[in-house]
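The stops below are meant to be selected in turn.

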Amino acid sequence: MSKVTQINHPLILHKLAFIRSKNTGSKYFRELVEEVSMLMAYEATRDLSTEEVEIETPICTTKCQMLSGKKLAVVPILRAGLGMVDGILNLVPAAKVGHIGLYRDEETLQPVEYFCKLPQDIAERDIFVVDPMLATGGSAADAITLLKKRGAKKIRLMCLISSPNGIELVQEQHPDVDIYVAAIDEKLNEKGYIVPGLGDAGDRLFGTK
């Protein structure tokens with residue numbers, strides 16, 4: 001079974017309170033999502049491997065640790081996932097970025113891919129799938145399935161807020177994918193929104209209704 005890590009650093013909890021507030025406007029909301037994503041990425045990349053290298057300081061030659069050539073990719077689920085990308089790139093600017101867009105057919109209830117653009121070497125990269133909300137878990141699970149069909153092997157899922165239902169579904173369908181969240185909320189309401197949640201992340205990021 002995959003591991004679920006709740007990252008409850010005080011700075012994340014503080015910023016998350018402002019993200020949840022209905023009085024937070026789009027500009028500040030976007031900035032906060034980016035900041036929390038960066039803080040979460042700091043923890044989620046803790047197990048990246050390093051190697052010893054020799055460098056020359058202004059004083060002498062010494063041995064230091066650097067990332068051991070690990071290739072990373074960030075794949076937001078459109079559109080709300082876009083809000084988390086820059087925060088992660090602030091920490092790992094060499095990471096490549098892919099994009100996945102899905103919607104669910106109202107009659108068949110099957111996922112329909114409307115956009116997918118990934119790095120050519122996606123199979124060789126450690127991938128962070130990002131989406132602010134993990135509600136029913138359907139979109140995240142479908143996106144991970146799509147990535148696996150294209151050869152991806154090492155995948156992690158990072159979300160700001162999750163419901164227990166979303167975590168359960170992703171773990172059931174993808175027991176090899178570790179999940180990182182800042183908060184696990186109480187439940188889903190009848191419309192599929194997380195309670196207490198933060199509303200529609202995409203609308204709040206981009207000022208739409």
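Predicted model: local features only at pLDDT ≥ 70, side-chain atom pairs only at ≥ 80, totals over all residues.

Residues are numbered from 1 along each chain as its sequence is written, and side-chain values use heavy atoms, with hydrogens and water left out.

**Annotated sites**

Select Ile194, Gly199, Asp200 and Ala201, which an unreviewed UniProt entry lists under "binding site". UniProt positions are given in the numbering used here, with feature names shortened, and annotations may be inferred rather than shown by experiment. Ile194, Gly199, Asp200 and Ala201 are in the lining of the largest pocket. On a 1 Å grid over the protein atoms alone, a pocket is an open set of points where a 1.4 Å probe fits, with protein on both sides within 12 Å along at least five of seven lines; lining residues have an atom within 4 Å of a point.

Go to aspartate 200, in the loop between strand 13 (194-195) and helix 6 (201-206). Helices (H or I, at least four residues) and strands (E, at least two) are DSSP runs, numbered from the N terminus. Aspartate 200 is partly exposed, at 28% relative accessible area. Here buried means under 20%, exposed over 50%, and partly exposed in between (1.4 Å probe, protein chains only).

A further "binding site" listing in the unreviewed UniProt entry includes Arg79, Arg104, Gly137 and Asp200. Arg79, Arg104, Gly137 and Asp200 are among the residues of that listing in the lining of the largest pocket. Select glycine 137, in the loop between strand 9 (133-134) and helix 4 (138-149); glycine 137 is buried, at 4%.

Next comes arginine 204 in helix 6, buried at 15% relative accessibility.

**Salt bridges**

How many salt bridges does a search of the whole structure find? The search finds 13, each being a side-chain nitrogen of Lys or Arg within 4 Å of a carboxyl oxygen of Asp or Glu.

Show aspartate 185 and arginine 20, whose closest N and O atoms are 2.8 Å apart. Aspartate 185 lies in the loop between strand 11 (178-184) and strand 12 (187-188) and arginine 20 in helix 1 (residues 10-20), so this pair ties together parts 165 residues apart in sequence. Aspartate 185 is buried at 8%, whereas arginine 20 is partly exposed at 24%.

Move to lysine 71 and aspartate 121, a salt bridge with closest N and O atoms 3.4 Å apart. Lysine 71 is partly exposed at 35%; aspartate 121 is buried at 18%.

**Cysteines and a surface patch**

The whole structure has 0 disulfides, a disulfide being a pair of cysteine sulfur atoms within 2.5 Å. From cysteine 60, the nearest cysteine sulfur is that of cysteine 64, 9.6 Å away. Cysteine 159 is buried at 1%, and its sulfur is 18 Å from the closest one, in cysteine 116, too far for a bond.

Finish at Tyr103, Tyr114 and Phe115, a nonpolar patch on the surface with about 330 Å² of accessible area together. Accessible areas come from the Shrake-Rupley method with a 1.4 Å probe; for residues, only the protein chains shown count as cover. Patch members have over 30% relative accessible area and no salt bridge, and nonpolar side chains (Val, Leu, Ile, Met, Phe, Trp, Tyr) are joined within 5 Å. Tyrosine 103 is in strand 6 (residues 99-104) and is partly exposed at 45%.

How values were computed. Patch = residues over 30% accessible without salt bridge, like charges linked within 9 Å, V, L, I, M, F, W, Y side chains within 5 Å.
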